[in-house]
Each structure stands twice: as C-alpha cells, then as structure tokens.
Amino acid sequence: MDIREQLKSIRENAVNALNETDSSEKLEALRVQYLGKKGELTSVLSQMGKLSAEERPVIGQIANEVRSFIENEIKTKREEVAKIEMEKRLAAESIDVTLPGNSNVLGKKHPLSIVLDEVKDAFISMGFTIVSGPEVEYDYYNFEALNIPKDHPARDTQDTFYFSPEILLRTQTSSVQIRAMEQMKPPIRVLSPGRVYRIDEVDATHSPIFHQIEGLVVDKGITMAHLKGSLELISKKLFGEDIKTRIRPDYFPFTEPSAEISISCFKCGGKGCKFCKGEGWIEIGGAGMVNPKVLANLGIDPNVYSGFAFGMGLERLVLRRYNIDDIRLLLENDVRFLNMFD
C-alpha cells in the first residue's frame, strides 16, 4: 500500500472511530493514536524520505489536509461530547424539589449559659453594668487588694495555679471588682461573672475550673438592707416567687460584716428534706459590706461611701435550679444531657 492509500485509510478510520466515541477520555486516546508523536500519521510521514523530489510536495500537501481534517473533526466531536457529558451530569445531579428537605440539627444553650443570662438580665434591670477582667491575674488584685496578705490563712482555701510568685490564675472574680473601683468613681454598680480556677480534685461537687458571679455596689448610704433586697430579688427571679432568702453571719476578709447567703429549699419549701439535708435551707454564696480598708486602699473615702458585695457559684445555682447532683455533667459536653435543656 503506497503512502496515498495509507493517508486515505487513516482519514477513513479516524472518521469511523470518532463517530463511535462518546467520552472525553476516548476522544483524547484517538487524538494521540492518529496525531501524536508516535501516532499513525506521524508514522506514515516518516516514509517521506523514500519519495522522489517531485512526489514529496504532493504527498506533503495531502498529509497536511488529512491532519487538518482530523483536527477539525476532533474539535467538533469534543464540543459534542462535552455537551453530552454535561447533560448526563445534570441528569445525575438533578434535585427533586418535591422531596422533603434534610433538617439541620440546631444547637441549644448550655444550662450554664441559660442561668447566667437570666442572672445578667435581672441585674441589668436593677441598673448594674456587666464588667470583665483577665483570668491570668496579679496576686495584688486577686488577694492583697482584697485584704488577703501573703500570710493570710484564707489563701489556703483558694490555692490556685501560679505562673510566678506574682502572677496566677484568678480564684475569684472579686479581682474584677477591684479593677472596677480603681477605674470608676462612685456610684458603682457592677456585676462580674467569669471563669475562675482553684486546685481541687474533680468529683461530684468540685472542679479546678468553675464560674463565679460577683456583684458590687458602692455609693452613699448603702446598707445591709440594700444587699438583702438585691439578693431576694435575684433569688425570686431564678427560683420562683415563693423562695425566701436568709443571710446569717459568716467571715470573709474583704467584707465586714460578712454573711452566708441561703435560699429556702424549693423541694420541701423549708420543711427539711433529703435534698437540703434536713435543714430547709440551701447555701448559694457569700456576701457582706465592703471592708472600709478595701475602700480606703483604692482611694474611696469610707467615711463618705459604703458598699456591699456578694458572690455566687454559677454551677451551684445550676445544680440547684435543675436538681442535678453531679457537677461533672455540666463539663463533659454529653449531647444527650445537654439536649434536656431548652
């Protein structure tokens, strides 16, 4: 078979093969087969050296025509195949809008967040401002400014994590109250919720990481009556209108006089039950009148101004509110447990 017949055969075979091609992969394989460096057309053209000088131009023109024809056919076929593949893809990926949609699972508020938001709303309605401060704190703000010097035994119950002798993880958000009194002039009415740290073993009632809610009021004429009224209001908002509040003497270095805050047991109404250990009362925190020494150290004249402060553990409020008996349930992020709260 001479070169002319070979070129004619290549053209016909290419047309037949292209007509049967229905994918981009097969089309590319045909291009390589006929037009590639080792393809059939290249193989035929390698025989041009055997032709006479008169035949070479003629055969070369025929070969170029065959190449151009095959390239154009491949281009046309590529557009056709692309259209077919797009139609197949659209058919496969089509969405039946009549089918029911997949519902997304919505998250819920953590019980700590639920109660904290209620506490914030209650105190904001009373004119309090929410303030925050650093969790990595100076010893001065966490202890010394609160009338707890380095040799004070109260530090034993608030052992914490130290980065240096003067820098630690705060044990109470009272440090935020000190910063507030440094930066603000009376009247002061602030609430400082936040995360605090102490060296405690994890068990049903203790955790090295927990949350406190502390409040501070400094103004002229502030008395224990204002403190008791504020505590009664927040207790009723959190636990119901029938809840009673009790304050009785206690001791804290930064308040004088100091008091323990308790609420009547919402299980038995104060009669005494297993939940309140037969006492009829449940302790929720501590409070008292700001120690005059603390005010004086911060440049506030204790002869003109007085104030009260209180602190409550957020986890303790949540445990009491929802009758939960293990603090670890609030920390382990078990979705089954968290889904119980709205």
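I began with pairing: two strands pair if DSSP finds at least two bridges between them. Helices (H or I, at least four residues) and strands (E, at least two) are DSSP runs, numbered from the N terminus. The model I am reading is predicted, so I kept in mind that local features need pLDDT of at least 70, that side-chain atom pairs count only at pLDDT 80 or more, and that totals for chains, interfaces and linings use all residues. Residues are numbered from 1 along each chain as its sequence is written, and side-chain values use heavy atoms, with hydrogens and water left out.

**Strand 10 and its partners**

I looked up strand 10 and found that eight bridges join it to strand 6, the two running antiparallel, with A309 of strand 10 as the bridge partner of L216. Strand 9 also pairs with strand 10 in the antiparallel sense, over five bridges, and here F308 of strand 10 is the bridge partner of M289. Six of the eight residues of strand 10 are buried, where buried means under 20% relative accessible area, exposed over 50% and partly exposed in between (1.4 Å probe, protein chains only).

I followed L317 and noted that, leaving aside residues up to four places away in sequence, L317 touches V115, V119, I213, L238, F239, I284 and M312, contact meaning heavy atoms within 4.5 Å.

I found an open sheet with the strand order 2-4-3 and antiparallel pairing. Strand 2 and strand 3 (162-164) are at its edges with a single partner strand each, so one side of each has no neighbour in the sheet. Two bridges join strand 3 to strand 4 (residues 167-169), and S164 stands opposite I167.

**Helix 2 against helix 4**

How do the axes of helix 2 (residues 24-35) and helix 4 (residues 55-92) cross? They come within 10 Å and cross at roughly 170 degrees, the axes being lines fitted to C-alpha atoms, for helices over the stretch in contact, with angles from 0 to 180 degrees between N-to-C directions. Helix 2 and helix 4 are therefore roughly antiparallel, a term for angles over 145 degrees.

**Backbone details**

I noted that most residues other than glycine have a negative phi, and most peptide bonds are trans. The bond joining P186 and P187 is cis, with omega about 5 degrees, and P187 lies in the loop between helix 7 and strand 5. The peptide bond from E256 to P257 is also cis, with omega near 0 degrees. N323 has a positive phi of about 55 degrees, and this residue is partly exposed, with a relative accessible area of 39%.

Note on methods:
Parallel < 35°, antiparallel > 145°, perpendicular 65-115°, else oblique.
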